[in-house]
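Trainee: Could you take one part of this model and go through it with me closely, with the criteria stated as you go?

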Amino acid sequence: MIYFDNASTSWPKPPGVIKAVTGAMETASSLHRGTGTGAETSEDILFDLRTRASAFFGAPGEESVVLTMNATHALNLVIKGMAKEGTRVVTSGFEHNAVMRPLYALREKGVVTDQVPSGLFENERFLENFKKAILKKTDLVILNCVSNVYGWILPFREAAELAYEKGIPVLLDASQAAGHIPVGFTRGVEFIAAAGHKGLFGPGGTGLLLSRGDHILPPLMEGGTGFDSRSEEMPSLLPERLEAGTVNIPGAAGLAAGIAFVCDRGLQNILAHERSLARRIGEELSAFSNVKCFSCRLPERQTGVISFLVKGEPPEKTALALAERGVAVRAGLHCAPGAHDHAGNPEGSVRLSFSPFNTMAEAEEFLAVMASLSSVRGNS
Amino acid sequence: MKYISMISFPSPTAAEKALRTLAAAGFPVKRIRLPQQLGEEGCVTGVVFPCRDAEEPRLLLDRLRIPYRRIYLERAGDET
């Protein structure tokens, strides 16, 4: 099988990740609670993840790293922790439902969300409209670093700088950026939410919330932390304040190994490889008269994620034809209907997303499969 | 060494950080779960290491800028 669905979940996982998860299941026991070597191993595993993640994102320290269930969990912690009645949030038009649904849910509590208008790959227009949007009272900016549908690298650093000048905290959704492009605590960035199971190669069910530490968030869940049990409240300090219950230690071990893999390969090498596959496929797909391909003329504005549509065919049908020929992709709205609307293709798309494990030979094989589809040849 | 010092920290993550900082500074530290009789909850992570007197651990923690909650001292070698 050719697997071009790494923006959903990266696969395969590096051998080191599988070994780390297995190792943790064999050796680790009760975190922050029990005694013995198993409990100590758990402490080491979690602290190792915090150290690696903190260094990877340039966070202030291990205390800044909260292990979450996924990026959605991390985003909800910040959104629901920061938004109060009357809060105004500014986002891009290319956000995932992990951002938009919590914001929609808060509408009835008087939280107002403004999406900055811009078309796909329009950095200049986005920044121009972002500047205008934050002229009004703004309490929080939430920005997708990379569109999960189109691989568009939004000008999030420039936007965070503009927000900083106005004293507005910024939450970055790094779900599609982490492991592909550098993301860190540049000026203005207060929080970074990241998925563990995508570009960081961790197991499913892992994510990270990184905090600069200037805002104390209320917990989404209360429960045991293994210490200060007499207190009726969650601890005041990060990261334990936001980690109620026993955390996913095998997941932490795998995620730490995934980050180590990314560091060993090097972000620049990973991005260059994924972009070369996207560029090759994008060029060829654009040559089919019956295919609409969403690739950017400026390659520096796009990661190794590319979407396309076969004209007159639902994306799901194209994806099914590809699956029957051994190519795994994703089709539909990709949990980001607004991104499709802003890009002018509300019907959805077929998405290809690459990893360091994909090869140019797979890209060529995919193109041969595409050329064999009657719908692509235009005689369906 | 006349004493064993037992140190509690604001959180498990702070304890882990302190453990590594003290170990890197050459102290033979190990983890313990501090007993409730010392005013801490039974399973809080602490760090234990031998010291010459009551002042040594406090000065050390201050010098290494390690945030801590409390220091408990126990006389070493009483059993022998």
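Which residue of β13(A) does S307(A) stand opposite?

Mentor: S307(A) stands opposite R351(A) in β13(A). This is a predicted model, in which local features need pLDDT of at least 70 and side-chain atom pairs count only at pLDDT 80 or more, while totals for chains, interfaces and linings use all residues. Residues are numbered from 1 along each chain as its sequence is written, chains are lettered from A and ligands numbered from 1 in the order in which they are written, and side-chain values use heavy atoms, with hydrogens and water left out.

Strand β10 (residues 305-310) of chain A is joined to strand β13 (residues 349-353) of chain A by 4 bridges, and the two run antiparallel; strands here are DSSP runs of E with at least two residues, helices are runs of H or I with at least four, and both are numbered from the N terminus. Two strands are taken to pair if DSSP finds at least two bridges between them. In chain A, the order β9-β10-β13-β12 makes up an open sheet of 4 strands with antiparallel pairing. Its edge strands are β9 (291-294) and β12 (330-332) of chain A, each of which pairs on one side only, and from one strand to the next the twist averages 25 degrees.

Helix α8 (residues 267-287) of chain A packs on this sheet, touching β9, β10 and β13 of chain A, where contact means heavy atoms within 4.5 Å. The direction of α8(A) makes about 150 degrees with that of β9(A); axes are lines fitted to C-alpha atoms, for helices over the stretch in contact, and angles run from 0 to 180 degrees between N-to-C directions.
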